[in-house]
Amino acid sequence: MADARAGAVSSSLLSRLLAAVIMILAVGAVFVSLFTWFNGRSAAWAAYDRLLLGAANDIAESIRIVDGQPVVTLSAAAFELLSQAPDDRIAYAVRGPQGVLIAGMEDTPEPDSRRARVPAFFDGAMQGEDARYVETARRFAEREFSGMVRVTVGQTMIARRALAADLMLNALLPLGVLGLGLIVISVLVVRGAVRPLADIADGLSRRDPYDLTLVPTAGVPREIAVILIGMNRFIGRLDRQFSSMQSLISDTAHQLRTPVAAIRALAENAVEDSDPAARNRHLTRLADRTRSLGVLLDQMLSRALVIHRMESIPRKPIDLRDIALDLMESCDSEVLAPGADIGLVIGETPVMVAGDDFSLLQAGRNLLSNALKHGRPPVRIGADSEAGRARLWIEDAGPGMDPALVAAIGTRFQRSAASREDSAGLGLSIVAAVAQAFDGEVRIERGDGRFRIALVFPVLEGGSP
């Protein structure tokens with residue numbers, strides 16, 4: 001199973017972070033490339049459009065009116081600007097007011113629609129290639145000639161496309177080098193960031209299996225410290241579980257040794273003793289010892305279950321009146337104290353706490369058992385709340401517990417002088433453990449010939465039964 005889970009690990013944190021960084025850079029590179037291409041194309045088109053317009057204006061300035069007709073006298077300067085793109089072909093046309101060709105090439109295209117403003121740039125074709133054209137105009141108002149003469153100049157797009165590509169590549173090349181540098185830096189940064197994880201894993205692999213000390217979080221990055229805090233909480237719960245298990249084993253060995261030895265000795269004496277009266281005494285003591293052992297085992301099992309549930313069962317809203325009612329209905333008063341006067345004291349207002357009903361019931365049973373065995377009737381079971389504190393209490397008319405035993409509440413195997421053999425102090429240990437688990441306390445009250453011991457918890461605000 002461990003090998004299968006190990007094989008399910010698909011990739012390292014470093015590779016995942018690196019893949020995320022590369023993906024972010026790739027998406028950024030796409031946007032930057034599109035932006036750079038758009039800007040490069042706009043810059044190239046603007047530069048060559050100026051050249052086209054300059055050539056068209058030179059041609060327009062060279063037009064003269066001779067004998068009432070426009071005449072074009074071309075000079076080399078008119079096309080010197082366009083000669084900067086030697087691989088491109090050039091076309092021009094000079095047309096009169098009725099579109100009559102004055103000079104140039106007949107197949108030079110015109111704009112699809114005449115615009116009020118000139119110059120007008122438009123795309124067309126030139127001998128099967130894409131070309132860019134500009135049309136400008138010069139108005140004449142002379143005695144011999146009046147009207148608009150339009151000049152159209154075109155050029156293929158080889159040079160401007162090459163310029164756009166050069167601008168884009170010149171902008172993207174340093175960005176590509178920068179991107180590679182960012183990837184290298186990201187690898188180094190991520191490796192440095194995850195290095196504490198490798199150190200932690202190495203420390204845990206070399207740790208003794210029984211070493212449940214907390215993993216130190218000093219100097220660890222905040223994101224990794226969150227993992228360590230959760231791990232330390234788990235280690236703490238595991239340590240408490242191991243401690244409980246060790247305590248249970250130790251308690252079992254400590255407490256069962258003497259009763260088992262006594263039972264064995266009494267059984268052997270009963271078998272070997274031929275006197276019927278002596279044999280009956282041995283059997284009577286054997287029965288008492290067996291009952292004491294049964295009570296002890298029940299208490300130890302209850303304590304183990306309570307401690308286990310404290311770590312594994314989530315808290316839920318509980319009405320302490322229900323616990324008191326369960327104690328009244330399920331108590332063993334007829335066995336522990338036949339004919340004892342036991343009463344229930346609860347009100348109509350819910351007494352809500354956050355806890356576990358099984359644990360609270362076990363703690364209440366142990367308090368009631370102590371009151372029935374060591375106290376005096378009448379015994380009262382009650383639940384109430386006061387000043388934001390909820391109480392589950394047991395009260396009797398006896399003098400109460402020995403002050404030394406009260407101070408040792410929660411310590412296992414503490415007996416008072418009046419305790420019988422079937423008492424091992426586990427009952428009060430369970431009570432103290434339940435109080436601590438649910439943020440409460442054990443409170444002792446004496447007065448008016450009464451002795452009261454109570455479990456006190458914070459009231460659950462807004463709880464419902």
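1. Helices (H or I, at least four residues) and strands (E, at least two) are DSSP runs, numbered from the N terminus. Keep that in mind for the labels below, such as helix α5, which covers residues 222–272 and holds Thr-258. Before you go on, note that this is a predicted model, in which local features need pLDDT of at least 70 and side-chain atom pairs count only at pLDDT 80 or more, while totals for chains, interfaces and linings use all residues. Residues are numbered from 1 along each chain as its sequence is written, and side-chain values use heavy atoms, with hydrogens and water left out.

2. Let's stay with Thr-258. Is Thr-258 buried or exposed? Thr-258 counts as exposed, because its relative accessibility is 52%. The cut-offs are these: buried means under 20% relative accessible area, exposed over 50%, and partly exposed in between (1.4 Å probe, protein chains only). Thr-258 and Leu-293 sit 35 residues apart in sequence, and their C-alpha atoms are 9.9 Å apart in space.

3. Now look at helix α2 (residues 13–61) and helix α4 (residues 158–205). Two packed helices are described by the angle between their axes and the distance between the axes. Here the angle is about 160 degrees and the axes of α2 and α4 are 8 Å apart. Axes are lines fitted to C-alpha atoms, for helices over the stretch in contact, and angles run from 0 to 180 degrees between N-to-C directions. So α2 and α4 are roughly antiparallel to each other. (Angles under 35 degrees count as roughly parallel, over 145 as roughly antiparallel, 65 to 115 as roughly perpendicular and the rest as oblique.)

4. Which way does α2 pass α4? The crossing is right-handed. A crossing is left-handed if the near helix is turned anticlockwise from the far one by less than a right angle, and right-handed if clockwise. As for what the contact of α2 with α4 is made of, its residues divide into 29 nonpolar, five polar and five charged. In that count, Ala, Val, Leu, Ile, Met, Phe, Trp, Tyr, Cys and Pro are nonpolar, Asp, Glu, Lys and Arg are charged, and the others, Gly among them, are polar.

5. Leu-34 belongs to α2 and is exposed, with a relative accessible area of 52%. Its C-alpha atom is separated by 9.2 Å from that of Met-168, 134 residues apart along the chain. Ser-186 belongs to α4 and is buried, with a relative accessible area of 16%. Between Ser-186 and Val-21 there are 7.4 Å in space, C-alpha to C-alpha, although they are 165 residues apart in sequence.

6. Next, the loop between α4 and α5, where you will find Arg-206. Arg-206 is exposed, at a relative accessible area of 63%. Its side chain is joined to that of Asp-202 by a polar contact of 2.9 Å. A polar contact is a pair of N or O atoms within 3.5 Å; within protein, one must be able to donate a hydrogen and the other to accept it, and residues adjacent in sequence count only if both atoms are side-chain atoms.

7. On to helix α7 (residues 320–330), whose buried residues are Leu-320, Arg-321, Ile-323, Ala-324 and Leu-327. Seen down the axis of α7, these buried residues fall within an arc of 160 degrees, so they line one face of the helix. The arc is that of the directions from the helix axis to the C-beta atoms.

8. The axes of α7 and α9 come within 10 Å and cross at roughly 50 degrees, which makes α7 oblique to α9. The crossing of α7 past α9 is right-handed. Inside α9 (residues 357–374) lies Ser-359, which counts as buried at 0% relative accessibility. The Ser-359 side chain makes a polar contact of 2.8 Å with the side chain of Asp-356.

9. Most residues other than glycine have a negative phi, and most peptide bonds are trans. Asp-67, in the loop between β1 (63–66) and β2 (69–72), has a positive phi of about 55 degrees. Gln-127, in the loop between β5 (120–126) and β6 (129–141), has a positive phi too, near 50 degrees. Asp-67 counts as exposed at 74% relative accessibility, and Gln-127 counts as exposed at 65%. The peptide bond from Pro-377 to Pro-378 is cis, with omega near 0 degrees, and Pro-378 is found in the loop between α9 and β11 (379–386).
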